Amino acid sequence: MVQSTQDADISLLNINQGITCLTSGVLNPQLGYDSLLVGTQTNLLAYDVHSNSDLFYKEVSDGANAIVLGTLGDISSPLAIIGGNCALQGFDYEGNDLFWTVTGDNVRSLALCDFDGDGKTELLVGSEDFDIRVFKEDEIVAEMSETETITALSPMYGSRFGYALSNGTVGVYDKTARYWRIKSKNHAMSIHAFDLNSDGVCELITGWSNGKVDARSDRTGEVIFKDNFASSIAGLVEGDYRMDGNTQLICCSVDGEVRGYLPGGEEMKGNLMDASAEQDLIRELSQKKQNLLLELRNYEENAKAELNTQLKEADGRRGVIPANTQLQTALSVNLGSDSQSAHVELCISTTNDTIIRAVLIFAEGIFEGESHVVHPSLQNLSGCVRVPLTPPKDVPVDLHIKAFVGYRNSTQFHVFELTRQLPRFSMYALSSPDSAAEPLSYVNCTMNERAQRIVMWLNQSFLLPEDAELQSAPFQVCFTSLRNAGQLCIKIKPGGEISISTDDIDLAGDIIQSMASFLAIEDLQVEADFPAYFEELRKVLVKVDERHAVNQRLTADMAEHSNLIRSMLVQAEDARLLGDMKNMKKRYIELYDLNRDLINQYKIRCNNHTELLNNLKAVNQAIQRAGRLRVGKPKTQVITACRDAIRNNNFNMLFRIMRVGTASS
Amino acid sequence: MGPDMEPLFQAWSCFRRRKFSQCSALCSQLLQRAPGEQEPESEYTVFQAAWSLKTRALTEMVYVDEIEVDQEGIAEMMLDENAIAQVARPGTSLKLPGTSQGGGPSPAVRPVTQSGRPITGFVRPSTQSGRPGTMEQAIKTPRTAHTARPITSASGRYARLGTASMLTNPDGPFINISRLNLAKYAHKPKLAKALFEYIFHHENDVKNALDLAALATEHAQFKDWWWKVQIGKCYYRLGLYREAEKQFKSALKQQDMIDTILYLAKVYLRLDQPVTALNLFKQGLDRFPGEVALLCGIARIYEEMNDISSAAEYYKDVLKQDNTHVEAIACIGSNHFYSDQPEIALRFYRRLLQMGVYNCQLFNNLGLCCFYAQQYDMTLTSFERALSLAENEEETADVWYNLGHVAVGIGDLNLAHQCFRLTLVNNNDHAEAYNNLAVLEMRKGHTEQARALLQTASSLAPHMYEPHFNFATLSEKVGDLQRSYIAAQKSEEAFPGHVDTQQLLKQLKEHFAML
């Protein structure tokens, strides 16, 4: 390309809006070359750079936070899939949206990957509610919960993919199982899969905010190569930039430094680290040796102590505790008091007179920074430690507990390690059925399951004081939420009819999903009614309509003003050229005033837009929630039907779909 | 017309015969007679019919075809940020002048317009468009009568149409838009359409027109393509091209219309994406095979992109469909003329004459063709006709200028001198005449005079390479190498492929190297 005179190899494109995501690739197979896709807060532009023409320009009211280009599932033509606020949309080269679905929260990252190994690609979606969801076309096939916003996803090979979180975590998943992860105090700016050591398997390359670039093995997370930039990494890409037939890994830093890396040759045998790495290894090994020696000495001391039957106190100091000491944990619901809000209580106790010096709990998503240390002061050391837990979300969590057990005056302690699972709905306390008015909202469904199985599910997912026994077939359990004291009632009638009453539509969805996965139900149609929530949604929909109208008027105003500004600017310049300073000053003063007006108007428009976005997000979330109340095929049907209803502006239809699951009565 | 004729029918008849002021007056009478209701009520009454007819008559009075009228103001030109590619690949943008790729004639043979495009055979609003480099240049250049352009497209011609219509009504405007309840009218589709056109064309109040259209399209449940096109037109006027594109596309999806395609293509041209516009036209041709407006649109775009041979191909296609298409005939004619086939050009111009085009420009062209085709007997008579038909001084100036050419051709330098002088008398902005006069002075040895004339010419038309080049040769002859070099550089900028300039520059560089 022969381009501008100033900088021959840079050509600038002017988009007129803040760019939120960017990708390129073959969108139109007949065209045979790549197109550029530019996403902004409100639009998606597919642009053919070669012939300076648009393929399409689409308004996407949900915004485009992330974009990925490729084929999805059985859809034959390549799609440009954008993730916006709670919505996913896929466009083909003509701008038809062949794919649409909703997801739980704002999408932050997207990737295409053959997740289940069937030869077709699935869509991975990382969102702000810390979840990675896997879509097989418009059906969710898997969900993985992470601990922070997922900022990047990168397919590696097969069903393996890398991810990065906003708290500096980077890791690799294979299907739903996590291979490894590491956490750094820096943020991962960009991740990319690239075979740097030529072993035929891609490594996960990470560009960090401190300017470090490292390549980690996909299996172990071990660093096989690293490099440092002077400033934060802006992005990583691969491509044949030098046009010599070799693909390079190209890293770019924010201050414009670009480095390219060729994959290492055969002779290096995958060993990319230089000599200093070996020294590091030696240091590491010698440290290990030191630790082992220390341990050995401990054992020797203990053996000595057993030989000499000495005083018990001395034993205690050395850290000898009775062999039958056990650590017990119990989870219970604490309804809270005036000073403390309601929480789940983890009680860790020893079986004899030993005391617990400290407890270290590691669990994802409950504590800030994932781990929690309880270190009672010397005066109140006892054999029992109570830890309050308040999981923010209803997900099952594994608690990895390490407790230091010994005597009050011991200097060395025994470490007990154990793992305890926190049930999914631990934040709900059992209450008597008539303790509060039953919620108005309900979900009804029929499952052809024995009641015992459902009771099993209850025992597994809730923290019940004692395991619920199977009562007569129509039976009822009630819970109170520890978060907002909301009521939850589950009724099981003979014939497999189940009714869940709660005002929280999210909770109802979670319960349905959890039940369905426990009972292995593939398709489930339900009838649901959430009067309060639907009323709110109706208000939001009316607001969306209003906002649209206001927005249009504001846009027209703005355009008129900008025309006026242009003409004033030209007039002012004209006056300047003619040397008519008085007039010029007058024009520029007018211009200044008009400009101020325009800025005020802009603020109004901005507010309007933000509210519109929030409302649209709420609508998308409502569709998503309505979908979550169903399982399998009915779920997909509900989401598609809801979208059609919204397109046709038919609110009553929308609510009927949300209630009964189909458009036709 | 009998006195007993039903007045509404009479007004309708006047409207059909395009006697709009008469129609409007009749309607006013009807409206006065009607009992006191000021706004049409729910049912369609005689009153409403008269009201609607008057609106339409007033609109028709000032109506200018919205597709053809297109004026880019200085502000749009200079402060335009709609184009995506700042520096597009050659052949994919309308912004780059002088990137001939279709093998068209060079500027040495075919004169160029201000923008560096070869002149066409047909004057359209867009053929004047040029894209000066800086705001200062943009404001300074159009100080001549030929090239004047409005500050913005929102002022300019539209506003003049609006004010013109105001004058016709001494009692103030027929409809006071600010007092209208637009939502009420939007619910009456039949009245709303007439009212919209009135607001849009007659009052030129785009914002209110847009409001009305938005309400009406909502009332029609977004199913009426006509309203979508109108909303698109409003957005286009407001400079919101992307929004306009959306509306036109949506309208096209509902109803295939040539009009809509033309509007959409206009949007793409404003976005500086001629290739997209071409594709659109070609898709349109699949659905409307042989449609003249589309073919013509393609030809115009090729012409603006300097791809003259493709443009000529499409103009020929136009003629196959419609052999009386003036624009196509004129463009093919001028193309033949500039590619050294004056005889064939002559035939095309004769065809125009046959079709009843009878004006100064045509005879001017005929005269030139006759001269170059060596039919000297007809040459002078044609120019005489042209002179007698000239409507204003600019046209007279052009005729004299061409006569000057003829005089140079036959070697009568005295006549030529006089002709060019007469040109300048009629139009003292005629840069080409200044240039040619300077060359004549040079031959006479009046160096100082020649220099002054050339300087005038180059300041009037900085886009022409001839004055610069002539100035460079002149300065070189008198030994002022520095000035010669500067002028030669300007000449090269205006016409990079000019061999003589390049040689002169080389020569000068050698001189400087020797010093």
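Mentor: Let us start with a contact, which means heavy atoms within 4.5 Å. Not counting residues up to four places away in sequence, B:Asn402 touches B:Asn364, B:Leu368 and B:Phe383. Before we continue, note that this is a predicted model, in which local features need pLDDT of at least 70, side-chain atom pairs count only at pLDDT 80 or more, and totals for chains, interfaces and linings use all residues. Residues are numbered from 1 along each chain as its sequence is written, chains are lettered from A and ligands numbered from 1 in the order in which they are written, and side-chain values use heavy atoms, with hydrogens and water left out.

Trainee: Is B:Asn402 buried or exposed?

Mentor: The classes rest on relative accessible area: buried is under 20%, exposed is over 50%, and partly exposed is in between (1.4 Å probe, protein chains only). B:Asn402 has 11% relative accessibility and therefore counts as buried. Its place is in helix H20 (residues 393-410) of chain B. Helices (H or I, at least four residues) and strands (E, at least two) are DSSP runs, numbered from the N terminus.

Trainee: Which residues does B:Tyr434 touch?

Mentor: With residues up to four places away in sequence not counted, the partners of B:Tyr434 are B:Leu424, B:Asn428, B:Leu453, B:Thr456, B:Ala457 and B:Leu460. B:Tyr434 belongs to helix H22 (residues 431-444) of chain B and is buried, at a relative accessible area of 13%.

Trainee: Which residues of chain B does UniProt list as "repeat: TPR"?

Mentor: UniProt positions are given in the numbering used here, feature names are shortened, and annotations may be inferred rather than shown by experiment. The unreviewed UniProt entry lists residues 360-393 and 431-464 of chain B under that name. In the model, residues 360-393 of chain B are 82% helix and 0% strand, with end C-alpha atoms 12 Å apart. Residues 431-464 of chain B are also 82% helix and 0% strand, and there the end C-alpha atoms are 9 Å apart.

Trainee: How many helices and strands does chain B have, and how many does chain A have?

Mentor: Chain B has 26 helices and 0 strands, whereas chain A has 8 helices and 36 strands. In chain B, 50% of the 515 residues count as buried; in chain A, buried residues make up 49% of 665. For contacts between residues at least 6 apart in sequence, 57% of those in chain B join residues at least 24 apart, and the value for chain A is 53%. The C-alpha trace of chain A spans about 110 × 70 × 60 Å along its principal axes.

Trainee: Which residues of chain A carry the annotation "domain: BBS2 GAE"?

Mentor: The unreviewed UniProt entry assigns that name to residues 339-425 of chain A. This span is 0% helix and 52% strand, and its end C-alpha atoms lie 24 Å apart.

Trainee: How should I read a salt bridge?

Mentor: Side chains of opposite charge can pair when their charged atoms come close. The criterion is a side-chain nitrogen of Lys or Arg within 4 Å of a carboxyl oxygen of Asp or Glu. One case is A:Asp74 with A:Lys120, whose closest N and O atoms are 3.1 Å apart. A:Asp74 lies in the loop between strand S5 (66-70) and strand S6 (79-83) of chain A, and A:Lys120 in the loop between strand S9 (107-113) and strand S10 (122-127) of chain A, so the pair ties together parts that are 46 residues apart in sequence. A:Asp74 is exposed, at 55% relative accessible area, while A:Lys120 is partly exposed, at 35%.

Trainee: Where in chain B do B:Glu60 and B:Arg18 lie?

Mentor: These two residues form a salt bridge, with their closest N and O atoms 3.8 Å apart. B:Glu60 lies in helix H3 (residues 46-62) of chain B and B:Arg18 in the loop between helix H1 (7-16) and helix H2 (20-33) of chain B, so the bridge ties together parts 42 residues apart in sequence. B:Glu60 is partly exposed, with a relative accessible area of 27%, and B:Arg18 is exposed, with 56%.

Trainee: How many salt bridges are found over all chains?

Mentor: A search of the whole structure finds 42.
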